[in-house]
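Please look over the sequence and the structure shown below, and then read the briefing that follows, which is grouped by topic.

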Amino acid sequence: MYLVSDRGQAASAKETVRYAMSTVLTENRSAEKASSAAEPQATRKRVVIIGGGFAGIAAARALKRADVEITLIDRRNHHIFQPLLYQVATAVLAPAEIATPLRQLEAKQKNLSVVLAEVSGINVNARTVEAIHPGLGIRKHGFDYLIVSAGMRPSYFGHDEFALHAPGLKSLSDAETIRTGILSAFELAEATEDEAERARQMTFVLVGAGPTGVELAASIALMVSVTLRNNFRHIDPARSRIILVDGGNRILPTFAESLSKKVERRLSRLGVDVRTGLKVEKVDEQGVVAGGERIASATVLWSAGVAASPVVKMLGTKTDRAGRALVGPYMEIGEAPDVFVAGDATSMTQDDHPVPGVAQAAIQQGRFVGRLIANRVRGRNDGRPFRYRSKGNMAVVGKNFAILEAGHLRTSGFATWVVWAVLHVLALPQLQNRFRVQTQWLWSYLTGQRSSRLIAEAPRPVDPKQKTAT
């Protein structure tokens, strides 16, 4: 009996030793696997992209297959298709039809994380970006490579006080503010019995005759003559004054002079009063003073100039007069070879001409920087320096008329307008955007109506007594 018990205990002891050794070996193997799996993760390069515009998204997509961890920081949670922003401002399209959520990029790209925050500081030497996270305060994000593609903002040429009465057009919030201002002007003109005030409410002044100013002016002209026709009892919207002011010698200075003259004639037929060679000296709640003349207006819109985002100054690099970073042939700044600036915030020349601040240039620059970083991570050469390849410039002037300049090719008219419409629909970021925009455009083309004629409601004041009782 005792012998059996001893043998059983010995067998049990052997089993215990085997189990312990097996457990140790298993844990060691698991630890080795975990360690080997963690090693690539720890050595992954960190890429921080500031700005979710055309350049930022193009850079992120170019890094999709690279062995890097990407952090995309933007103070907005959406990407805006800027070329159609003026149509939101003039009630043709709704904001959601030209915008897409940035966070949706995470579902398609596993090495990308989106952060909703506003950049407050950059330390190039320490390789950190400080960002203010809503509700959480300031957090630091380390980087091995940094891409600044924060875009532009309106420039008032040293008269920032103009911004209070003359909003620019760079965001959905700007577009909705302009739309509310335009529609509210007609409501106030309908309600007032003062003829002088009615005329002021129905006068719209646009400062800056670049593509944005021209497209805005033409769209407002069609709104007052077609969309709002018979919508009021006491006013005729078609009698509105639309004045396009510019300090240059002609409108659309980036296009050929022949196309500029065609656009000016087209605007005149739409009822737009084009005034060139006039410098705006003052903007207040009563209107503007341009060339010494007071123009009474309740709605002044600013499209005269742009300046780089304040984020560029945080780099401590050289900039031009508009605050854009002076970058090298590989889009890098001189102070740090692994810090790049792409998109509208860059200033670079090619063949003695500046690279234009348009969407196609931003996309090409972002894609170039993304591929450059991917090559460096893989240990490859940088390759050739950046070179912009223009696919042509376009501008639309109301219904059935657009202009195109591509090299020596210069066209205008209905066929060019069709090309413009097709290209812009195809360029929209998502299928649902394309479907919505082309459906709305077709409806608007056939009926002249605009689906987004909404005036934003001001927040109601809270009664302190009611708040206390609640």
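The residues that line the largest cavity are Arg 324, Gly 343, Asp 344, Thr 346, Met 348, Val 355, Pro 356, Gly 357, Ala 361 and Gln 365. Keep in mind while reading that this is a predicted model, and that the values given for it are computed from its atoms.

- When the whole structure is searched, 1 cavity of 30 Å³ or more is found, and the largest cavity holds about 70 Å³ of space.
- Sorted by class, the lining of the largest cavity is made up of 4 nonpolar, 4 polar and 2 charged residues.

- Four helices, namely α3 (85-89), α7 (211-227), α10 (414-427) and α11 (431-447), each supply at least two residues of the lining of the second largest pocket.
- Among the contributors to the lining of the second largest pocket, α10 gives the most, with 8 residues.
- By class, 17 nonpolar, 7 polar and 3 charged residues make up the lining of the second largest pocket.

- Phe 414, Val 418, Val 422 and Leu 426 together make a nonpolar surface patch of about 360 Å².

## Salt bridges

- Side chains of opposite charge can pair when their charged atoms come close.
- Over the whole structure, a search finds 17 salt bridges.
- In one of them, the side chains of Arg 44 and Glu 69 meet with a distance of 2.4 Å from N to O. This pair links distant parts of the chain, with Arg 44 in the loop between α1 (2-43) and β1 (45-50) and Glu 69 in strand β2 (residues 68-74), 25 residues apart.
- Arg 44 counts as partly exposed at 23% relative accessibility, and Glu 69 is likewise partly exposed, with a relative accessible area of 24%.
- Another salt bridge brings together the side chains of Arg 46 and Asp 144, at 3.4 Å from N to O. Arg 46 lies in strand β1 and Asp 144 in the loop between β8 (137-142) and β9 (145-148), so this pair ties together parts that are 98 residues apart in sequence.
- Arg 46 is partly exposed, since its relative accessible area is 39%.
- Glu 257 forms a salt bridge with Lys 261, and the closest N and O atoms of this pair are 3.9 Å apart. Because Glu 257 and Lys 261 are 4 residues apart in helix α8 (residues 257-270), they are separated by about one helical turn.
- Glu 257 counts as partly exposed at 45% relative accessibility, and Lys 261 also counts as partly exposed at 45%. Elsewhere, salt bridges that share partners join Arg 127, Asp 338, Arg 376 and Asp 382 into one network.

## Positive phi angles in two loops

- Arg 127, a member of the salt-bridge network, lies in the loop between β6 (118-123) and β7 (128-133). The phi of Arg 127 is near 60°, a positive value in a residue other than glycine.
- Arg 127 counts as partly exposed, at 31% relative accessibility.
- Asn 400, placed in the loop between β25 (393-396) and β26 (402-406), has a phi near 70°, which is again a positive value in a residue other than glycine.
- Asn 400 counts as partly exposed, at 25% relative accessibility.

- Although Val 283 and His 159 are 124 residues apart in sequence, their C-alpha atoms are 9.3 Å apart in space.

Definitions and conventions: Residues numbered from 1 in each chain as written. Predicted model: local features only at pLDDT ≥ 70, side-chain atom pairs only at ≥ 80, totals over all residues. Heavy atoms only, no water. Nonpolar A, V, L, I, M, F, W, Y, C, P; charged D, E, K, R; others polar. Patch = residues over 30% accessible without salt bridge, like charges linked within 9 Å, V, L, I, M, F, W, Y side chains within 5 Å. Areas by Shrake-Rupley, 256 points an atom, 1.4 Å probe, with all protein chains shown as cover. Salt bridge = Lys/Arg side-chain N within 4 Å of Asp/Glu carboxyl O. Buried < 20%, exposed > 50% of the residue type's maximum accessible area, 1.4 Å probe, protein only. 1 Å grid on protein atoms, 1.4 Å probe; cavity = no way out; pocket = protein on both sides within 12 Å on 5 of 7 lines; lining within 4 Å. Points joined across faces, edges and corners; volume = space filled by probe spheres on them.
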